[in-house]
Amino acid sequence: MYKVNQSRQLEHLISGQATSDGAGVKLTRLLTQNLQRRLDPFLMLDSFGSDNPDDYIAGFPNHPHRGFETVTYMIEGRMLHRDSKGNEGLLENGGVQWMTAGRGLIHSEIPQQEDGMMRGFQLWLNLPAKDKMIEPWYKDYQNPDLPKYTSDNGTLVTIIAGQCHGIKGAVQREHTEPLYLDMQLPAAQRFEAQIPAGHNAFIVVYEGQLEVDSKVVKATNLAILSNDPEADGVSLTALEDSRVLVIAGKPLNEPNFQHGPFAMNTKEEIIQAFEDYQAGLFA
């Protein structure tokens with residue numbers, strides 16, 4: 001088992017902003033535009049969760065993207081994806097949808113249930129300037145497809161991207177080197193995960209509560225982790241049965257200009273994206 005020599009400290013707690021998107025889906029925006037520089041290469045993180053169909057049933061009808069990747073992690077529920085490249089996939093409990101918008105595509109995400117709990121996260125991961133206009137790409141990973149690690153103390157880690165304790169996740173990216181882990185920690189247990197020193201990193205507790213750097217992080221909180229160059233990971237202690245996302249990435253350190261569904265390097269490229277979309281070039 002990997003042992004952290006020096007854990008990252010907790011720099012700042014974010015409670016998130018209640019908002020809605022798509023056709024009125026209620027969600028909490030945890031990573032907003034004012035954090036994009038601090039948490040480069042990440043652009044946005046939304047949390048959605050409700051057992052009231054009125055909060056999610058209309059879903060996210062057709063809308064465009066360009067210049068980044070979306071990672072949708074469905075904790076509970078069923079969501080159907082369709083896009084203008086002809087891809088279609090049903091995301092189910094515990095599954096992940098990884099989509100590279102690249103030069104542009106139009107997609108929809110529509111719930112495939114009329115009642116019950118719908119819960120999950122969508123993360124926006126930036127692309128380097130040289131890759132913003134690459135061919136779009138899409139893949140579904142159902143829960144059994146995602147590598148997992150179980151520690152001696154019963155902590156279960158689902159490895160969506162990057163690696164944990166020597167086990168590689170489902171997705172690897174050369175330039176942003178994303179780490180995306182979902183951890184289930186039993187009460188009173190500790191787990192340590194390696195995070196490269198140069199990566200920006202944060203955690204999101206979504207069940208229970210944890211202790212990091214002697215500070216408590218409660219459910220629905222996003223906690224930014226410090227960038228101490230001496231720290232080689234993070235140590236988490238569960239104060240009760242808890243679930244937490246650990247997310248990190250290598251910063252691109254490039255100019256960033258995001259407007260709505262497009263993320264490019266300049267305002268001119270954003271204007272071009274709107275013109276291309278209106279001209280039907282995303283089809």
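Reply: Happy to! The model is predicted. As for the lining of the largest pocket, by class it has 10 nonpolar, 11 polar and 4 charged residues.

Me: Which residues lie nearest the centre of that pocket?

Reply: D21, R29, M44, D46 and W124 do, out of 25 lining residues. About 410 Å³ of space lies in this pocket. Strands β2, β3, β4, β5 and β11 each supply at least two residues of the lining.

Me: Why is the aromatic pair of F42 and F202 called edge-to-face?

Reply: The planes stand at 90°, and planes over 60 degrees apart count as edge-to-face. The ring centres are 5.7 Å apart, within the 6.5 Å needed for a pair. F42 lies in β4 and F202 in β19, so the pair ties together parts 160 residues apart in sequence. Both residues are buried.

Me: What makes the pair of Y277 and F282 tilted?

Reply: Their planes are at 55°; stacked needs under 30 degrees and edge-to-face over 60, so this pair is tilted.

Me: Are Y277 and F282 buried, partly exposed or exposed?

Reply: Y277 has 32% relative accessibility, so it counts as partly exposed, since that class lies between 20% and 50%. F282, at 1%, is buried, as the cut-off is under 20%. Y277 and F282 form one aromatic cluster with F262 and F274.

Me: How do you know that the charged end of R173 sits over the ring of W137?

Reply: The charged end is 5.1 Å from the ring centre, and the limit is 6 Å. The charge must also be within 35 degrees of the ring normal, and R173 is listed as sitting over the ring.

Methods
Residues are numbered from 1 along each chain as its sequence is written. This is a predicted model: local features need pLDDT of at least 70, side-chain atom pairs count only at pLDDT 80 or more; totals for chains, interfaces and linings use all residues. Side-chain values use heavy atoms; hydrogens and water are left out. On a 1 Å grid over the protein atoms alone, a cavity is a set of points where a 1.4 Å probe fits but cannot get out, and a pocket is an open set with protein on both sides within 12 Å along at least five of seven lines; lining residues have an atom within 4 Å of a point. Grid points are joined across faces, edges and corners, and a volume is the space filled by probe spheres set on the points. Helices (H or I, at least four residues) and strands (E, at least two) are DSSP runs, numbered from the N terminus. Ala, Val, Leu, Ile, Met, Phe, Trp, Tyr, Cys and Pro count as nonpolar, Asp, Glu, Lys and Arg as charged, and the others, Gly among them, as polar. Rings of Phe, Tyr and Trp (its six-membered ring) pair if their centres lie within 6.5 Å; planes under 30 degrees apart count as stacked, over 60 as edge-to-face and the rest as tilted. Buried means under 20% relative accessible area, exposed over 50%, partly exposed in between (1.4 Å probe, protein chains only).
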